[in-house]
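Welcome! Open the model in your viewer, keep the sequence panel beside it, and follow along stop by stop.

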Amino acid sequence: MILVSVLVPTYNRSDVIQKSLDSWTKQSVPESHFEVIVVDNNSKDNSADIIKSFVSGFTNIIYLFEEKKGSTHARHAGAKIAKGDILIFCDDDGLFNPNCIESILDVYKMNPEVAAVAGKIDVQWDREAPDWIEPYSFMLGK
């Protein structure tokens, strides 16, 4: 009974992908209710090895290779094999709280007419934000 498919395109992000995937393993909904499809967009670093090693420990996390460059191609490749009725598109450096999927499902349950849902993004900079970001900061979950 897969309700949700999480699509994670990645390209040369071996430095962050494992932490992101780890956050999906801590969800409050049962593993049988969601799948995570990690789409390797032809990475040249060791991302594929890291992802494949991680995936081997979980039945609901899938590795998919997409040769055509670009996140659009990666997202479409993941969507083609997705089994969920709801697709969650996210980035490979995102860390997701344990109630992420449950909260999204709750919105759909309470509002059956809803076609799309977005969540809050709480940016955690690993260094000071660049000056050019200030005019756009209102879009970053503040």
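## First stop: N99

Select N99: leaving out residues up to four places away in sequence, it touches Q27 and S28, where contact means heavy atoms within 4.5 Å. Before moving on, a word on what you are viewing: this is a predicted model, in which local features need pLDDT of at least 70 and side-chain atom pairs count only at pLDDT 80 or more, while totals for chains, interfaces and linings use all residues. Residues are numbered from 1 along each chain as its sequence is written, and side-chain values use heavy atoms, with hydrogens and water left out.

N99 sits in the loop between β4 and α4. Those names refer to DSSP runs numbered from the N terminus: helices are H or I runs of at least four residues, and strands are E runs of at least two. Is N99 buried or exposed, or something in between? With 39% relative accessibility, N99 counts as partly exposed. The scale runs like this: buried is under 20% relative accessible area, exposed is over 50%, and partly exposed is in between (1.4 Å probe, protein chains only). Now select K80 as well: it is 19 residues from N99 along the chain, and their C-alpha atoms are separated by 26 Å.

## Second stop: N42

Next, select N42, in the loop between β2 and α2. N42 counts as buried, at 14% relative accessibility. Which residues does N42 contact, leaving aside its neighbours within four places in sequence? They are Y11, F65, E66, E67 and K69.

Show the side chains of V4, V6, W24, V36 and I101, the residues with the most contacts inside the largest nonpolar core, which has 22 residues. A nonpolar core is a set of buried Ala, Val, Leu, Ile, Met, Phe, Trp, Tyr and Cys residues joined through side-chain atoms within 4.5 Å. Colour β1 (4-10), α1 (17-24), β2 (34-40), α2 (47-55), β4 (86-89) and α4 (100-110), and you will see the elements that each supply at least two residues of this core. The most comes from α4, with four residues.

Zoom in on V6, which touches W24, E35, V36, I37, I88, C90 and I101, not counting residues up to four places away in sequence. A second, separate core has six residues, including I37, V39, A74 and A77.

## Fourth stop: two cysteines

A disulfide is a covalent bond between the sulfur atoms of two cysteines. Here it is counted when a pair of cysteine sulfur atoms lies within 2.5 Å, and the structure holds zero disulfides.

## Last stop: V55

Finish in helix α2, where you will find V55. V55 is buried, with a relative accessible area of 13%. Not counting residues up to four places away in sequence, V55 touches I61, I62 and Y63. Select Q18 too: V55 and Q18 are 37 residues apart in sequence and 9.9 Å apart in space, C-alpha to C-alpha.
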